[in-house]
Amino acid sequence: MSKRTIKKVAVLGSGVMGSRIACHFAGIGVQVLLLDIAPKDLPAEAKPAERNKIVNDALAAAIKSNPSPVYHKDVVKKITTGNFEDNMKDIAGCDWVIEVVVERLDIKQKIFEQVEKYRKSGTLITSNTSGIPIHMMAEGRSDDFKRHFCGTHFFNPPRYLRLLEIIPAPFTDPEVINFLMSYGDLYLGKTTVLCKDTPAFIANRIGVFGMMAIMNVKDKLKLSIDEIDALTGPIIGRPKSATFRTGDVVGLDTLVKVAKGVADNCPGDEARDEFNIPAWLDKMIANNWLGDKSGQGFFKKTKGAGGEKEILTLELETMEYKPRVKAKFATLEAAKPFDDLFARLKMLVAGQDKAGEFYRLFHYGLFSYISHRIPEISDELYRVDDAMMAGFGWEIGAFESWDVLGVAKTTEAMKAAGYKVAPWVDEMLAAGNKSFYKVEGGTKYCYEPASKAYKVLPGGEAFIVMSNYTDKQIWKNGSCRLYDLGDDVLGLQWFTKMGSIGGDVLSGIQTAIDKAEKNYKGLVIANEGPNFSAGANVGMIFMLAIDQEYDELDMAIRLFQNTMMRARYSAVPVVVAPHGLALGGACELSLHADKCCPAAETYTGLVELGVGLIPGGGGTKEFVLRASDEMHEDEPETITLKNRFFTIATAKVATSAHEGFGIGVYRKGLDEIVMNQARRIAEAKKSVIEIFDSGYVAPVQRKDIKVLGQSALGALYSGIHAMKTANYATEHDAVVAMKLAYVMCGGDLSEPTLVSEQYLLDLEREAFLSLCGEKKTLERIQSVMKSGRPVRN
């Protein structure tokens, strides 16, 4: 590995991609120089603010955009703006120059001519092109420029889409390629995928083929836009935007441009006709119905008769917008109850209605296409799967989907339906190899067509996937699996809807700690689905409350509290590695762990107030404990408590792990953000070993927590009353907030007092139980259950 370091990056071009790439680099702590053109026809005496108006406006718009491109607001302080005329010379102080200007070869070449004048020797130069041949952009440049030049294709939005395609030219120094692959992974948190310099590279080549093929199947089966999006979204492990909504988000002009680029530049592509633009899509382009950027595309937002927002769908036969119609297919309804994606896929493809026919045609076409792209776009088939999962948000790669459906069985069905597979697939099957991937001893292997053998997936111990440890599973129950991760460390994960925490999961945590204490150094708790956990099982709480089973509810809350305390005071370190949603009870588990290793994209908070409850699994207690530890003599004691109170009372959610520190969930100097989500379990395992080997001693339950009693309770009650009076809080909100204040102040004590954790847990549980009897609380819980969405602020 090179000793190259990146302290400052220059981003040339401040459009949608450029400004957001700049924000992402600033978010990881790198200084950024963001440049763009100066406005035309400015007077000679124009001030820098006028000359930098384009870049400054673009950056301001990016910072204000939703979803936010930054982990926290202070990021912008690391970005310096300028223009090409005045500030190109400043790239001499940069370690990496990234070009993100308009997709025109002539313009890019002119920019690189300027870059050559000012860059210092050895500086990295890359282009964010989405399809222009890499080698053509460096024509006429020096040998040193060429050795340090390649493509780095980020996906929009750069913060959220984890794919970074690395596309070297024939002259790129291998050290540069290796550095960028590693840096993108470790520091930018990306899935770095090495691509060949072919049209649209990997992700867009496969992704746009998939979208165009779906459009063609749609016409063949006479399916509507609403039906296609119902069939191609989360039900098959794809994003909610599915197919046509994705088209609107990306921009139909962009989609057509990529499709035409493939058709024009890939004369040997056996599926070239799939990239032909349907007549109705040509008409939409002519009408300037380009999607979100033009206000309408496949969908159009309007206001109904009552003034409410309404989304209309384009009927392609008439080119008129009509109300959305819910798709109804027996196969779809039969598959929905199944949480296991693999089981759903098998059921969907086997369907006997039009939906089943669609799934077969769609998958057969996709499988045929990806088989023929090896080795054209990549020598290794796992790179295709990595690109689609990281760039298009697929939960499962295309080759892995083929594995799930059975390679031999599906290949036979494909041939019977008239679809061809590449010869290497037949060779693989003839040799007795039944799948593209296999797992042995916790190690995942992928078939390599060139060598006709299975090779270990790169990453090794850095990318721990607990599901690969099935032969090292040492315990399970209905929801949980406990694995031996090696090096005397256990790993626990569970499989519930949205990662919800119920009795099975609590039992799993307790059992995992018991086993770890007997024979291991410690325990890692993590999940591998889209989210860590949306919190406690509110359905269970609702059923017990509605049936007025308060003794059972009391026992359930005690179990939750006891499990959190078991994690805190175990004889071995417990490290939690959350990602995605880590709300409510999942946040409480994080609060009680010896250490947290959250992925950068972790959204956490104590959100129970959103359903009319207070955190009842030790979260309220823990915030009081931390407030007590944060009190200082040089400021009023109530300030720290008040801040903690309002974080819970407003159900505040951190929209990144960085913000998780700001709201007091994660602890500075102890908890550690992992930029690459795929590395968090390995980092958590490493932390378990480090904590244990440094001489871990189980902590003792606290009895020195300072609570403020009446002195703070009165102030909090006044604030709650003011919020209610100003209509910022409902009557019920005020009731819940007052219960919370009572607990966080330690009750109605006449003076500040030192109390134990158990004292606060008892208050917390009593308040939680009393709120379960509130009609408004039950109505809110029921509403959340019906929506299927997690509790949010």
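Helix H21 (residues 503-519) lies across S15, S16, S17, strand S18 (522-525) and strand S19 (574-576), and runs at about 175 degrees to S17. Contact here means heavy atoms within 4.5 Å; axes are lines fitted to C-alpha atoms, for helices over the stretch in contact, with angles from 0 to 180 degrees between N-to-C directions. Helices (H or I, at least four residues) and strands (E, at least two) are DSSP runs, numbered from the N terminus. The model is a predicted one, so to speak of local features takes pLDDT of at least 70, and side-chain atom pairs count only at pLDDT 80 or more, while totals for chains, interfaces and linings use all residues. Residues are numbered from 1 along each chain as its sequence is written, and side-chain values use heavy atoms, with hydrogens and water left out.

Helix H28 (residues 680-693) also lies across strands, here S17, S18, S19 and S21, at about 160 degrees to S18. The strands belong to an open six-stranded sheet with mixed pairing, ordered S15-S16-S17-S18-S19-S21; two strands pair if DSSP finds at least two bridges between them. Strands S16 (residues 480-484) and S17 (residues 489-494) run antiparallel and are joined by five bridges, with Gly491 of S17 as the bridge partner of Tyr483.

A cavity is a set of points, on a 1 Å grid over the protein atoms alone, where a 1.4 Å probe fits but cannot get out; lining residues have an atom within 4 Å of a point. Grid points are joined across faces, edges and corners, and a volume is the space filled by probe spheres set on the points. One cavity of 30 Å³ or more turns up, and the largest cavity has a volume of about 90 Å³. Its lining has 13 residues, with Arg159, Arg162, Gly189, Glu601 and Met675 closest to the centre.

As for the backbone, most residues other than glycine have a negative phi, and most peptide bonds are trans. The bond from Asn66 to Pro67 is cis, with omega near 5 degrees, and Pro67 lies in the loop between helix H3 (53-64) and strand S3 (79-83). Asn156 and Pro157 are also joined by a cis peptide bond, with omega about 0 degrees; Pro157 lies in the loop between strand S6 (149-154) and strand S7 (163-168). Ala242 has a positive phi, near 50 degrees, in the loop between helix H10 (225-231) and helix H11 (244-250).

Terms used: 1 Å grid on protein atoms, 1.4 Å probe; cavity = no way out; pocket = protein on both sides within 12 Å on 5 of 7 lines; lining within 4 Å.
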